[in-house]
Amino acid sequence: MAAPFSWITPHPHGIYVAPADCWVDPSRAVEQALVTHGHADHARGGHSKTIATPETLAIMALRYNTREGAQPVQYGESVKLGGGVQATYIPAGHVLGSAQILLEFAGERVIITGDYKRRPDPTCPPFEVTPCDILITEATFGLPLFTHPPIADEMAKLLDRLRAHPDRCVLVGAYALGKAQRVIAELRAAGHHDPIYLHGAMEKMCRLYQEFGVDLGELRLVADHTKEEMRGSIVICPPSALNDRWSRRLPDPITAMASGWMRVRQRARQRNVELPLVISDHADWGELTRTIQEVDPYETWITHGREEALLRWHQLHQRRARALALVGREDEDE
Amino acid sequence: MQTFATLLDALVFTRSRNEKLRLIADYLRTTLDPDRGWALGALTDGLDFKAVKSSTVRNLMQERVDPVLWQLSRDFVGDTAETASLLWPEPLGEVAPPPSVDEAVASLTAMTRATAPVELPRLLDRLDPSGRYALIKLATGGMRIGISARLAKTAFAQAFDVSVDAVEEYWHALQPPYAELFAWAADGADPPDTANRPLFRPFMLAHPLEDAQLNLTHYAAEWKWDGIRVQLVHVANESGGATRLYSRSGDDISATFPEMVQALDRPAVLDGELLVRGDAQGGEEGGAASFNALQQRLGRKTVSKQMLAASPAFVRLYDVLSWENADQRGETWESRRKLLESLMPQLPASHFDLSQLVEARDFAHLAEIREGTRDAAIEGLMLKRRDSLYVPGRKAGLWYKWKRDPLLVDCVLMYAQRGSGKRSSFYSDYTFGCWDGDPDTGAELLPVGKAYSGFTDAELKQLDRLVRQTTLNRFGPVREVERRLVFEVAFDSVHVSKRHKSGLAMRFPRIHRIRWDKPVHEADRIEALRKLVRD
């Protein structure tokens, strides 16, 4: 009998499952890929076969033009991968379609969380705690200073600022997949039903969310409207467009940015942000450590982020952990 | 404390000066005494709590957070106060409501080194992260949020619709929480009692002389020396007297130039140029070193004996605002000048001399003299209306500064950086260089300066487009561009500097003309610039 867990091995460009000859979130093209969610540091085109949720497959088709070899899996559904390995997709609460992947082989259970959060999100089902032997977790916000505030507080800040400047607009920098739609959905939940204006790069992804039944209210494209029409409105753009020439067409925008990094003042100042909104689709320190305690694995593997601090936490709590050096992982806000 | 914390956060994230003024003014108008007075003290660096230092906060955190996790977090955030505010463990159970600024200040004042480790946590427990950040900044001093004392005073004046000159004038007589200042400005009480205090008087300033010609029967001319404008104030009082040296912005710089504080023991308010001994300005007769030498002494809280001996300071007097307790500001320049000349023998020649008038037959003659000032390495000429009273600020028609024509050099655009505020989407800050040899035989460009003014909005758009189209490399907000554009750069002087690879640094560089027409190999060489050094 082989050594425990020797069937699953981390490599710089992904996690390899030997008995089934498949990769989880590989950063280069492979035969068979299991993909947790649609962000570019986890999903890419070119695989012969891609197993993911229908939402993630739709996102990948839109972004990376991958249509061949798509094999959809519903949340809670298990697929046999061959070689005696079974994979089950479990909600991760990160973005539309995001999943943790539970791999079972020879009575051993490994969960790859992908990116996740524990806070409610109107655009995707919540993270489900599932017991396992090895938890392979992210650690994007793996420092104890990261505590994401309740999103309702951040929405109130945004709407207060909007009301205080009826002649201007608030330009919110938000990642085009996930953050943008969550911000819009949360604004609707906070009672803001005015049209929201979108940068062109946001349009298709918002339509896709709507097709999957996420209610985003009335959306308009900045390009179709005049400065005058946009006064007193919220405009959403990718972070890269915040200080770009593109923003010159807007009515005296107040620059906001929705990101977990906004918790640190200098980070916000570096980006010329006037209104930092601490909104993240990743687990904060409290969520990371609570999740590890609730799942209570035999060992934690940390894929990417600030792994030193989370390793230290394991040491302080007499838990087993190791850091995997995966390449190409980054936070989508940076 | 929460309102003050909200104000600090808003100021951190606001770039527009007007918006900062509005935020501070709103706070001062709507907050009660004495909270607003303490806040004003904090914004102007006027509070000091002996028992609470940055190390106090660090030690508290060591007891509460694992040292490895603290260090990793501190490295990420880069600021002890902010890291501590974020990592402070939320207290268990009921806590008292947040303290008012007044309560926090009272508690901080009462702390000793022995009690601080117990008392400071009690305050921190009652605050949220923003409140904790504000409290720690308040307690340890040095807000570092880009608010100058002058900006805070201007906001105060704006809040209560009083003159900022009056605020400046009372300011140095008062202590936080400035109860008399608020009583006067907000509630219409009598102005604060300022007798026998070494007060700052707002400076009278000059307009640039554009193309006008002045009649010298009405205007007197004197050199404009290249130092820093200062005001030296002495008052007599029970404890033997007090002397202060103020900079143009009203900052107290007495500690930086202790020799000047000792040099005046007569009740007086004197206006002049602070210089250090040397012979770059005005030759041997003038006896002043270049601005570069003075700069070595600026910005120091304490000054070494060596420095005092090597670069002694003195003041070249322009004006007298008060002598033996008699306010002279209501007198004409002519009569003040007469008084100033008559009292010179009573001041120690080691530390004071008189700014000489420049005699000219007529304006044309004066222009000729001004042309000759290049070698004297002084800034130019001042023209003062002979019957002008000493009025604060810039009043049209009274005083003019007539700077000598700037030096010009042709440089090549090398790097561009995004501006801030309204210019944040434009590449508006330009670094330019000169050739270190013959450009036709492989010479390289070395950066010599950086400028972000001197062009129109239309030109800015053209420059921005050029930068984007000719980018070679990106370094964060900076782009390196192809060497293809020549700027004619104007500057006041150039000095030897270790900071730049070229070994030179310009003073007040600005874009004089954009030479779209000029080929880059015709731009100037470093040698040409070096010849203009007058250190």
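Chain B is divided into three parts: domain 1 spans 2-140, domain 2 spans 204-403 and domain 3 spans 407-530. The model is predicted. Between the centres of domain 1 of chain B and domain 2 of chain B, taken over C-alpha atoms, the separation is 41 Å.

The secondary structure of chain B comprises 21 helices and 21 strands. Along the principal axes, the C-alpha atoms of this chain fill a box of roughly 80 × 65 × 45 Å. The radius of gyration of chain B is 27 Å.

Burial and contact order were then examined for chain B. Of its 535 residues, 36% are buried. Contacts were considered between residues at least 6 apart in sequence. Among these, 69% join residues at least 24 apart.

Chain B also touches chain A. The contact takes 21 residues from chain B and 23 residues from chain A. Interface size is often reported in another way, as the accessible area lost when the parts come together.

Terms used: Residues are numbered from 1 along each chain as its sequence is written. Chains are lettered from A and ligands numbered from 1 in the order in which they are written. This is a predicted model: local features need pLDDT of at least 70, side-chain atom pairs count only at pLDDT 80 or more; totals for chains, interfaces and linings use all residues. Helices (H or I, at least four residues) and strands (E, at least two) are DSSP runs, numbered from the N terminus. The radius of gyration is taken over C-alpha atoms; the globule rule is 2.2 Å times the number of residues to the power 0.38. A residue is buried if 20 or more other C-beta atoms lie within 10 Å of its own, exposed if 12 or fewer, and partly exposed in between; C-beta atoms are placed from the backbone. Two residues are in contact if their C-beta atoms, placed from the backbone, lie within 7 Å. Domain bounds come from an automatic or database domain assignment.
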